Amino acid sequence: MKLKEIRKHIDKIDRELLVLLQERMGLALRSRKFKETTTDPDREEDVLARIERMNLDLVERSFSRQLLKTIIEESKRQQEEERPLVAFQGEHGAYGEVAARGLVPGGAYIPCMEFADVFRGVEEGSLDLGVVPVENSLEGAVTQVNDLLTSTELKVIGEAKVPVNHCLLATEATDYREIRLVYSHPQALAQCRGFLMRNHLEPRPYYDTAGAAKMLARENPNAAAAIASELSAELYNLEIIKRGIEDSPANRTRFLLLSRNDYEGVGDKTSIIFVTPHKAGSLFSILHLFAEAGINLTRIASMPLRSEPDNYSFFLDFEGTENDPSVSEVLNKMEEMTVTMKYLGSYPAANGDKVEG
Amino acid sequence: MKNLKLASRDQKKRTIVNVGGVEVGRGLVVIAGPCSVESEKQTIETAHAVKAAGADMMRGGAFKPRTSPYAFQGLGLEGLKILEKAREETGLPIVTEVIDPRDVSWVAEFADILQIGTRNMQNYALLKEVGKSGRPVLLKRGMYSTLSEWLNCAEYILSEGNPDVILCERGIRTFESYTRNTLDLSAVPAIKELTHLPIIIDPTHSTGRLSLIGPMSIASVAAGADGLIIEVHNKPEEALCDAAQALTPEMFTGIMSQVRPLQSFLENSMPAMS
């Protein structure tokens, strides 16, 4: 191997070490929820001893012990900060994390594989808050999340509207003229179809936008780029070749902030889910209540019931809270007119495009 | 001129090229900015200065075709990103040169008009590529080229399905050495007889002398040019390229205060040239 090649490998390993370290820190923060204190000498000694039993010729035992001790110290320091653990779906750098950072500044952002993991983690108390997307301005409702909302005990305590600002990212070493393959989530690739065609780039589906960015940073494949958020570029030290490459600039995703407890302050917006009896005019008469009370609806969506495919649950967001007499009167009347009725929570409305993508 | 199926004057209305609301071919369009994008600060400052002076578009090179391979070659992609930022801040459409067919689609993502420089006027591979780019093209006259050769190059772009070609006279080589080139102002009325495409004048490269830029700008407007493209630098003494011919924003403002009234006077006192 020539020096240049050797250095390329070293750089790659350094990036992988850091990505793995970030994963370890996230797990350490999560483990805190199961422990009385941050110190656990038995466990520490166990971890260090196990590492020492690995007899790697080029990594001296005393060195590996020292290295791991430093990492454990840093984990403990972070555990003591007691930042709220905010879960999102996807890899670090996902648009869910962009939303989470806007909604809960100063949190520790924890990636989850599935939306269900976000819900379960917060429900069980191993995570403090969850951030999930409910709908996208181009693609419509996120059905998995809406489905989970119908059965969860969690409360909605906030919302964010995140502009989806797709960026073409590549490693520093990549010449933009040599890019041929572009990795990203199929939805992001579809949203940038025009850009990819104009520049003769071949789309390669990947499980996640930020996951594609992470893969580039770790593996640095030849002639490859990724479509992901600006945050991903920052997290994985990738170069932004072009910002805003989506075909339709008006692309926003609305996220909800979930908690085990109700919103503590006075919100200005409320979300509910209800099921009406299967007879003529039942939905109309409920909407009529809102119209008569002069309550402005901000979202209405329907989803087939899992248990009863011919019937639907309705998602309703409206301005105002239970504290308003007109709202509580409507909600009381609704109790009698619906088969099920679920109050998701009242919370502050997102104002415009404050959260940057 | 027999082969000019699309560029010739025959039974054609004058072409007006719409660039983000700015119409080239109607009134006087002024494009100004530095020779090269050198830094974000220099570019954004110059963009604000030329906008304040009344320019309609911003110019700036990210890829520089230089006589010497050792001279500053431009910032490349970084320069394109800076130009994009200048447009975001000022709203001025961006004109920038492209010199490599491999760069055309990328430059088209950032710029509003693709410029083909004098040295590349007859680079037919490049002309075909910009013809497919979907962006208006500013085609500079080759410094050794006849009007016929020039229009045949425009024909290359038009024949790829791109109707938006703006011609730019930037001086030709003669035996005169006092000026950098000789500005062929007769090209303006001649081109208007030969083609429906708009023509603008580059008084900077054609003269290469600061003192001549103002008078030649006035003469260009009087001859009926559809626009001017002028080099302006926020600090000409620090310019990395063609420092001796860049106007200060103050000098540029002075020229603007003369050419705009002259253009309105001519427009109101003469029957519209068709």
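**Notebook: chain A, then helix 9 of chain B**

I looked up contacts in chain A first: residues 24 or more positions apart account for 72% of those with a separation of 6 or more. Two residues are in contact if their C-beta atoms, placed from the backbone, lie within 7 Å. I note that this is a predicted model, where local features need pLDDT of at least 70, side-chain atom pairs count only at pLDDT 80 or more, and totals for chains, interfaces and linings use all residues. Residues are numbered from 1 along each chain as its sequence is written, while chains are lettered from A and ligands numbered from 1 in the order in which they are written.

I found 12 helices and 15 strands in chain A. Helices (H or I, at least four residues) and strands (E, at least two) are DSSP runs, numbered from the N terminus. Of the 357 residues in chain A, 35% are buried. Buried means 20 or more other C-beta atoms within 10 Å of a residue's own; exposed means 12 or fewer, and partly exposed lies in between.

Next I checked helix 9 (residues 249–269) of chain B, which has 21 residues. Here B:Pro249, B:Phe252, B:Ile255, B:Met256 and B:Val259 are buried. Seen down the helix axis, the buried residues fall within an arc of 110° (taken from the directions from the axis to the C-beta atoms), so they line one face of helix 9 of chain B. On the other side I noted exposed residues, including B:Glu250, B:Ser257 and B:Phe265. I then looked for the cover over the buried residues: it includes strand 3 (29–33), helix 1 (40–52), helix 8 (210–223) and strand 10 (227–231) of chain B.

How values were computed. Expected span 1.5 Å × (residues − 1).
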